[in-house]
Amino acid sequence: MKKILQLALGLLTGIGGFLEIGSITTAAQAGASFGFQLIWAIALGTICLGFLVEMSGRLSAVSKQTVVDALRSRFGFRFYIVVLAIVAAVSFLVLIAELGGIALSLQMLTGVGFPWWVVPVAFFIWVMLWKLKLDLVENGASALGLVTICFVVAAFRLHPHWGSVAHSFVPSLPTDNRAKYGFLAVSILGASITPYLMFFYSSGAVEDEWDESYIPINRFIAGSGMSVGGLFSIAVLIAAALTLRPAGINIEKFEQSALLLTGALPRWGFVLFALSLAFGCLGAALEISLALSYMFAQGLGWNWSENEPAQRDARFSLLYTIMIALAAIPLLFGVDPIQVTMISMALTAASLPFSIVPFLFLMNDKEFCGEHRNGWVSNSVVVIVIVIAFVLSVIAIPLQVMGG
Amino acid sequence: MDLVRDVLDKRLLDRDDTIIGRVDGLIIEVHGDSQPRVTHLSVGGPAVFARIGNWAASLAKLLGAHWGPKRGAPVRIAWSDIDHFGRNVKLTISCEDTEAMAWEDWIGEHIISRIPGGGSK
Amino acid sequence: MKVGHAAALVSVLVFFAGCTKPPSEKDVVDSMVSWIGTGDMATQAWLNHTTFDKYTREILELSSKRLGDQSDQLKEVAPAHSASLDSAATSAKRAMTSIARLVAANDAPDVRAQLDSLRSAKKIVLAASDSLE
């Protein structure tokens with residue numbers, strides 16, 4: 001019974017918690033600028049994420065350790081601190097972007113400028129972590145995130161040519177604007193493959209005391225939750241391809257993407273877009289704040305349970321408090337959340353080898369995973385996608401940056 | 001046993017399974033011609049920063065002089081207080097017997113408890 | 001030390017971000033199409049009661065300002081561009097500014113009239129963009 005509940009909640013988190021500012025922005029830009037052509041990047045990124053999430057759950061179920069615990073134990077302090085610095089820096093940028101996303105959606109709904117919303121939003125997120133238990137935080141945010149299903153409804157109502165959609169699962173190159181195309185592909189991969197999600201997921205598995213009997217459930221949650229989530233991203237891309245692209249709109253400013261649903265869902269499209277953005281980013285902001293604190297606390301051997309009162313794990317609680325406060329500062333000065341999003345997604349893609357390769361070593365280590373070590377399929381899928389993401393980012397980021 | 005593989009960087013649990021830190025360093029004594037012997041594990045503080053670099057150690061020392069709990073020496077746990085090794089290093093003593101939790105307690109007392117709602121969920 | 005490398009990489013990226021090359025004529029005209037399209041879509045959504053007044057006003061003002069910026073940019077990158085493109089951009093800019101004002105006054109019929117003139121200007125800019133292919 002307990003397992004069925006966990007299965008349902010795991011799926012809820014996978015689906016309701018999938019879309020956030022990174023996936024929405026990158027998919028919308030891709031659809032507006034290149035039609036269906038970049039669907040393959042979403043598919044590739046989502047498959048890779050599904051494999052990685054499954055692995056981190058399996059590692060925790062078998063070894064009773066979180067990914068960060070295992071990284072430090074296996075590779076030692078100096079190595080851990082390098083991985084920590086890279087992943088924490090990139091995740092922190094994403095946290096800024098998510099806070100900005102919530103503030104922007106409130107600006108859309110109320111007309112009050114987003115810098116005014118930053119402090120109340122940061123405070124709200126902090127209070128949720130300070131006072132609520134992990135399950136409530138996670139499931140509550142994911143349940144609200146189910147509103148993002150409106151993108152799927154919109155995609156169907158626009159009657160896409162499904163043959164072309166299917167065709168776009170195979171990568172192809174555009175005739176012009178290749179630099180922008182490459183950069184968007186990199187950003188999509190970076191928005192899909194988020195290392196913080198692995199740390200968050202494995203910490204949850206340890207808090208829920210998973211053992212080897214959870215391996216099949218874990219596989220199901222990771223596989224189906226992430227695939228459905230990926231379909232949501234594809235729905236955003238389809239909606240943008242069929243509404244913004246015909247109007248000639250290239251998204252340069254965030255305000256433009258707010259028009260995404262107004263064609264397919266007249267009457268409610270605008271409000272639904274704002275709510276989707278708000279709840280999607282809320283879930284992600286909560287997860288990232290916790291994941292950042294987990295990274296430090298687990299690696300340094302502090303208490304880290306999100307279910308305990310703040311007093312019991314003082315250093316852990318202080319850490320997320322500081323992170324949330326620091327993330328709010330650039331937004332108060334009017335930093336453009338969309339620029340932060342695009343930069344952080346591209347940097348995530350570029351940093352993947354540093355975070356994922358050591359993790360793959362753990363997944364093939366008998367000491368941590370025993371007989372449940374990775375097979376050749378999991379290893380190959382992840383290695384291939386990470387190599388693609390890294391090579392693309394090394395080529396595309398400098399091109400994009402120099403080309404404007 | 002392989003000290004680096006089996007002891008260093010492992011998580012430290014006290015008698016009651018409270019996480020009290022990680023094995024951040026090993027203290028080895030050399031007496032004359034006899035074999036070098038590990039006498040203590042060091043936890044947190046200077047041992048960690050020294051592994052990042054000298055600059056980090058000096059910075060930590062500077063900050064520690066003004067902030068936080070005033071503890072004398074770095075936290076050391078005697079080799080004889082180790083119960084057994086495994087996934088974690090389990091101790092026979094309680095966290096109260098060491099100063100390993102000094103920072104946790106200091107932050108809890110000076111910062112967290114002053115913010116409303118820190119004591120309950 | 002490797003943290004230092006990462007920091008160096010980031011500063012190199014930031015440095016490159018500072019020295020961007022100027023856009024081509026095609027890029028500028030496409031951006032003009034994009035902003036006129038934005039104004040068009042936002043107005044249509046407002047007429048359908050989908051978007052709120054405040055947002056609609058703001059995005060129209062933004063579109064109009066951006067379109068103005070792009071017209072100025074066009075004068076720099078392609079001084080020899082056609083006069084009809086110039087006048088279409090000016091009239092689109094004017095239409096979007098008026099729509100922003102009319103939205104505040106909740107004057108739907110006049111908004112529709114301005115939308116028509118915005119759309120005829122859009123056709124001219126679109127044609128200019130296509131000719132640059």
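**Entry 1: the sheet of chain B**

I began with chain B, where 6 strands form an open sheet in the order E4-E3-E2-E1-E6-E5, with mixed pairing. I took two strands as paired if DSSP finds at least two bridges between them. Helices (H or I, at least four residues) and strands (E, at least two) are DSSP runs here, numbered from the N terminus.

A note on the source before I go on: this is a predicted model, in which local features need pLDDT of at least 70 and side-chain atom pairs count only at pLDDT 80 or more, while totals for chains, interfaces and linings use all residues. Residues are numbered from 1 along each chain as its sequence is written, and chains are lettered from A and ligands numbered from 1 in the order in which they are written.

Which strands sit at the edges of the sheet? I found strand E4 (75-78) and strand E5 (82-85) of chain B there, each pairing on one side only. On average, neighbouring strands of this sheet are turned by 40 degrees against each other, direction ignored. The axes behind such angles are lines fitted to C-alpha atoms, for helices over the stretch in contact, and angles run from 0 to 180 degrees between N-to-C directions.

I then followed E5(B) to its partner, strand E6 (residues 88-91) of chain B: they pair in the antiparallel sense over 3 bridges. B:His84 has B:Lys90 in E6(B) as its bridge partner. A reminder to myself: strands of a sheet pair through backbone hydrogen bonds, either parallel or antiparallel.

**Entry 2: chain B as a whole**

I counted 4 helices and 6 strands in chain B. Read from the N terminus on, its elements run α-β-β-β-α-α-β-β-β-α. The C-alpha trace of chain B spans about 55 × 35 × 20 Å along its principal axes.

How many of the residues of chain B count as buried? The share is 29% of 121 residues. My cut-offs: a residue is buried if 20 or more other C-beta atoms lie within 10 Å of its own, exposed if 12 or fewer, and partly exposed in between, with C-beta atoms placed from the backbone.

I also looked at contacts, meaning residues whose C-beta atoms, placed from the backbone, lie within 7 Å. Among contacts in chain B between residues at least 6 apart in sequence, 50% join residues at least 24 apart.

**Entry 3: cores**

Next I looked up nonpolar cores, which are sets of buried Ala, Val, Leu, Ile, Met, Phe, Trp, Tyr and Cys residues joined through C-beta atoms within 7 Å. The largest has 193 residues, and A:Leu99, A:Leu237, A:Ala239 and A:Ala389 touch the most other members. H4(A) gives the most to this core, with 23 residues. Apart from it lies another core, of 14 residues, including B:Ile19, B:Leu41, B:Val43 and B:Val89.

I checked A:Ala389 by itself. Leaving aside neighbours within four places in sequence, A:Ala389 is in contact with A:Val186, A:Leu189, A:Ile193, A:Ala349 and A:Leu352.

**Entry 4: two helices of chain A**

I picked helix H3 (residues 39-63) and helix H10 (residues 195-207) of chain A, which pack at an angle of about 35 degrees with their axes 8 Å apart. The residues of this contact include A:Leu52 and A:Ser56 of H3(A), and A:Tyr201 and A:Ala205 of H10(A). By class they divide into 9 nonpolar, 4 polar and no charged. For these classes, Ala, Val, Leu, Ile, Met, Phe, Trp, Tyr, Cys and Pro count as nonpolar, Asp, Glu, Lys and Arg as charged, and the others, Gly among them, as polar.

**Entry 5: positive phi in chain A**

Phi of A:Asn177 is near 60 degrees; A:Asn177 lies in the loop between helix H8 (162-167) and helix H9 (178-192) of chain A. Phi of A:Glu209 is near 55 degrees, and A:Glu209 is in the loop between H10 and helix H11 (215-243) of chain A.

Why does A:Glu209 count as exposed? Because A:Glu209 has 10 C-beta neighbours inside 10 Å. A:Asn177 is partly exposed, with 17 other C-beta atoms within 10 Å.

**Entry 6: between chains**

Which chains share the most contacts? Of the 2 pairs of chains in contact, the answer is chains A and C. Their contact takes 24 residues from chain A and 29 residues from chain C. The side of chain A that touches chain C has 12 nonpolar, 8 polar and 4 charged residues. Chain B and chain C do not touch, and their nearest C-alpha atoms are 8 Å apart.
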